[in-house]
Amino acid sequence: MGISSDNVRGFVLAVSSSVFIGSSTIIKKKGLIKSASTGTRAASGGFSYLREPWWWAGMITMICGEIANFVAYAYAPAILVTPLGALSIIFSAVLAHFILKENLHIFGVLGCVLCVVGSTTIVLHAPLEKDIESVKEVWHLATEPGFLVYSSIAIVVVAVLIFWYAPRYGHSHMMIYVGICSVMGSLTVMSVKGVAISIKLTFSGMNQFKYFETWFFTVLVIVFCVLQVIYLNKALDAFNSAVVSPVYYVTFTAFTIFASMIMFKNWDSQSAAQIATEVCGFITILSGTFLLHKTKDMGKSPATEPPVFQSQQDQPRENQSLGSSRRS
């Protein structure tokens with residue numbers, strides 16, 4: 001099956017989004033490093049980074065990346081766009097190596113290669129997006145029994161996690177916060193698809209903002225995004241980001257693909273071999289993502305290996321003192 005022009009547009013936008021978002025992480029970190037030399041560090045509660053142009057450049061870059069990612073959903077299926085988010089990890093790792101002088105381990109390079117191979121596999125075998133001419137068609141897909149059942153179960157699960165498990169076990173079990181973000185994230189992406197398609201059709205001359213469905217999807221996007229940000233911050237604050245990031249990527253992507261499969265029926269027109277190839281591509285990306293994050297910790301063993309993604313400013317003082325004593 002050939003690659004449609006809409007899938008190509010979605011692919012280009014998704015890759016552009018990954019470039020911007022991956023770059024923004026490094027640019028903002030450079031701003032944080034510069035601001036820490038003249039004021040209170042962000043980790044200590046300081047806000048001196050708000051006066052640092054590098055930090056604002058990183059924020060603008062990140063916003064551009066999110067906009068590109070948003071528009072990508074208007075052209076390509078979530079099965080294609082969502083897994084490509086892993087490419088932002090590659091750009092972040094490579095830029096950190098050259099700009100922040102953080103060492104990229106050989107296994108990190110292998111992780112980058114795996115992400116590229118997996119992404120290429122998914123792009124070459126991604127299903128074609130259905131032609132949608134009105135937001136009402138998206139609404140019809142969202143109100144079919146299959147997706148209503150999925151949405152109901154997802155909302156109940158999230159509510160139970162938020163009101164029962166999070167207050168009791170959230171600080172000791174990472175999967176509670178990550179589960180909230182991932183399950184809610186799958187509904188967010190489906191709502192984003194509705195809003196993005198509405199904007200795309202409106203710019204083509206068919207105003208979709210006269211329908212209440214467009215505004216309903218917009219409200220859902222805002223509410224779901226706020227919830228995701230709140231609980232993702234809780235997860236990052238309570239647990240190691242090197243663990244949270246890959247686990248969140250895996251669960252979020254898996255739930256999003258599952259929700260898209262139910263709502264848009266992306267796999268109905270594909271053979272078993274094509275579906276199996278896409279699954280293999282997804283697993284390859286997951287392997288590369290875990291390998292990239294796992295190598296961050298390889299340099300933290302005090303005896304043998306140098307840090308992988310750790311700048312000199314972030315090294316423990318004990319290591320720096322040890323290095324000074326060895327030189328003397």
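Ser88 has a relative accessibility of 15%, and the cut-off for buried is under 20%, so Ser88 counts as buried. A quick word of caution before I go on: this is a predicted model.

So where does Ser88 sit, and what does it touch? Ser88 lies in helix α4, which covers residues 87-98. Leaving out residues up to four places away in sequence, Ser88 is in contact with Ser18, Ile21 and Gly22.

Now let's step back to the whole chain. Of its 328 residues, 43% are buried. The accessible surface is about 16,600 Å², and carbon and sulfur atoms account for 68% of that. Take the contacts between residues at least 6 apart in sequence: 80% of them link residues that are at least 24 apart.

Helix α2 runs over residues 53-75. Its 23 residues should span 33 Å at 1.5 Å a residue, and because the end C-alpha atoms are 34 Å apart, the two values agree. The buried residues of α2 are Trp55, Gly58, Thr61, Gly65, Ala68, Ala72, Tyr73 and Ala74. What do they pack against? Their partners are α1 (5-36), α3 (78-81) and α8.

The other one is helix α9, residues 212-238. It has 27 residues, and the distance from first C-alpha to last is 39 Å, close to the expected 39 Å. Its buried residues include Phe217, Val221, Phe224, Gln228, Tyr231 and Ala235. Here's a handy rule to keep in mind while you look at that list: an α-helix has 3.6 residues a turn, so residues three or four places apart point the same way. Glu213 and Thr214 are buried in α9 too.

Finally, the core. The largest nonpolar core has 68 residues, and the members touching the most others are Leu80, Phe147, Ile180, Met190 and Met263. Which helix gives the most to this core? That's α8, residues 174-203, with 15 residues. As background, nonpolar side chains tend to be buried together in soluble globular proteins.

Let me finish with Ile180, one of those core residues. Setting aside neighbours within four places in sequence, Ile180 is in contact with Val158, Leu161, Ile162 and Tyr231.

Note on methods: Residues numbered from 1 in each chain as written. Predicted model: local features only at pLDDT ≥ 70, side-chain atom pairs only at ≥ 80, totals over all residues. Heavy atoms only, no water. Buried < 20%, exposed > 50% of the residue type's maximum accessible area, 1.4 Å probe, protein only. Contact = heavy atoms within 4.5 Å. Areas by Shrake-Rupley, 256 points an atom, 1.4 Å probe, with all protein chains shown as cover. Helix = DSSP H or I, 4+ residues; strand = E, 2+ residues; numbered from the N terminus. Expected span 1.5 Å × (residues − 1). Core = buried A, V, L, I, M, F, W, Y, C linked by side-chain atoms within 4.5 Å.
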